[in-house]
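Dear colleague,

Please find below the structure that I am handing over to you, together with its sequence. My notes on it follow directly after.

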Amino acid sequence: MHGLDSTRIPPSPRDSMGGGKAGSRLGSVARKVEAFFVVYREHVAWVHALMFLCFLALLAVPPFLPDPPENATPISHFTEFANYVMWGVWFPLVFLSVIFTGRSWCGLLCPMGAASEWANRRGLKRAIPRWISWQGTPIVSFLAVTILGQTVGVRDHPEAIAEVFGGTMAAAILIGYVYGRNKRAWCRHMCPIGLLLGVKQRAILTPLWG
Ligand code: SF4
C-alpha cells in the first residue's frame, strides 16, 4: 500500500473552494499536513497496515464475544469498546480530519481506500465502466449503505456492523481489484463515506467564506 498520491486520491472539496482568511488558514494547515506525509510516504504503508488491522479487529472480534451485560462499559467489554471507537471516535475524527487536514484521512488513514489501492496494484486493471463513473453512483452507494445499515441496526448490533462495514470493505477491494489503472476507482466514484465527507465539509465550511 502506498501513501498520499494526488493522482489516486479523489480531489478534496476544499480544492474547489474559494478564498477568505479562515479558508486559507485551514488550507495552509491541510497543505502542511499533506506535505509532511508526502515526504514520509515510504512509511505510510505501515500506517495503512495498522489501520487495516485495527479496523478488522473492531469488526470481526465482537460478533464472537458473549453479549455485553447491561452495565458493560467500553473499558469492561470489548464489544462496547468497539462500538464506542467506531461511532464515538472514528467517525468524528474522520470529519474533523477532513476539515483541518484536507485529504489526509483518505490518503493516510482510511483502511478501505488503502485496501482498494493495494488490490488494484495486483488486479485486472480493467477500464472503469460507465455504471461506476456515472455521477449518481456515489449517491446510490450512500443510500444503499444507509438503508442497509438502518435495516440491520448497524449502531446496535456487532453482527450488523461487521456486515455493513465488512461488506463495504469487500466491495472496495473487489472494485479496486477489477477496475482502474493506478487509480482508486472505488474512492473516486463509489465511496459512500467520501460523498458524506464532501457534503459535510461544504456544509461546515461554506459559511466561513460567506
Ligand atoms: S474509501 Fe472513501 S473515505 Fe476511504 S479513502 Fe476512499 S474516498 Fe476516502
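**Packing of H5 against H8**

In H5, the residues Met112, Ala115, Ser116, Glu117, Ala119 and Asn120 meet Thr168, Met169, Ala172, Ile173, Ile175, Gly176 and Tyr177 of H8; two residues are in contact if their C-beta atoms, placed from the backbone, lie within 7 Å. Helices (H or I, at least four residues) and strands (E, at least two) are DSSP runs, numbered from the N terminus.

Please note that this is a predicted model, in which local features need pLDDT of at least 70 and side-chain atom pairs count only at pLDDT 80 or more, while totals for chains, interfaces and linings use all residues. Residues are numbered from 1 along each chain as its sequence is written.

The axes of H5 and H8 (residues 158-178) lie 7 Å apart at an angle of about 30°; axes are lines fitted to C-alpha atoms, for helices over the stretch in contact, and angles run from 0 to 180 degrees between N-to-C directions. The two helices, H5 and H8, are therefore roughly parallel to each other (angles under 35 degrees count as such). The crossing of H5 past H8 is right-handed, that is, the near helix is turned clockwise from the far one by less than a right angle.

**Met112**

Met112 belongs to helix H5 (residues 111-122). Met112 counts as buried because it has 25 C-beta neighbours inside 10 Å; a residue is buried if 20 or more other C-beta atoms lie within 10 Å of its own, exposed if 12 or fewer, and partly exposed in between, with C-beta atoms placed from the backbone. Leaving aside residues up to four places away in sequence, Met112 touches Thr168, Met169 and Ala172. From C-alpha to C-alpha, Met112 and Gly166 are 9.8 Å apart, although 54 residues separate them in sequence.

**Helix H7**

The buried residues of H7 are Pro138, Ser141 and Val145. They cover an arc of only 60° around the axis, which puts them on the same side of H7; the arc is that of the directions from the helix axis to the C-beta atoms. The face turned away from this buried side carries the exposed residues Ile139, Ile147, Gln150 and Thr151. After H7 comes Gly153, with a positive phi near 75°.

**The chain as a whole**

The chain has 10 helices and 0 strands. Of its 210 residues, 31% count as buried. Among contacts with a separation of 6 or more, 78% are between residues 24 or more positions apart.

With kind regards

Notes
Parallel < 35°, antiparallel > 145°, perpendicular 65-115°, else oblique.
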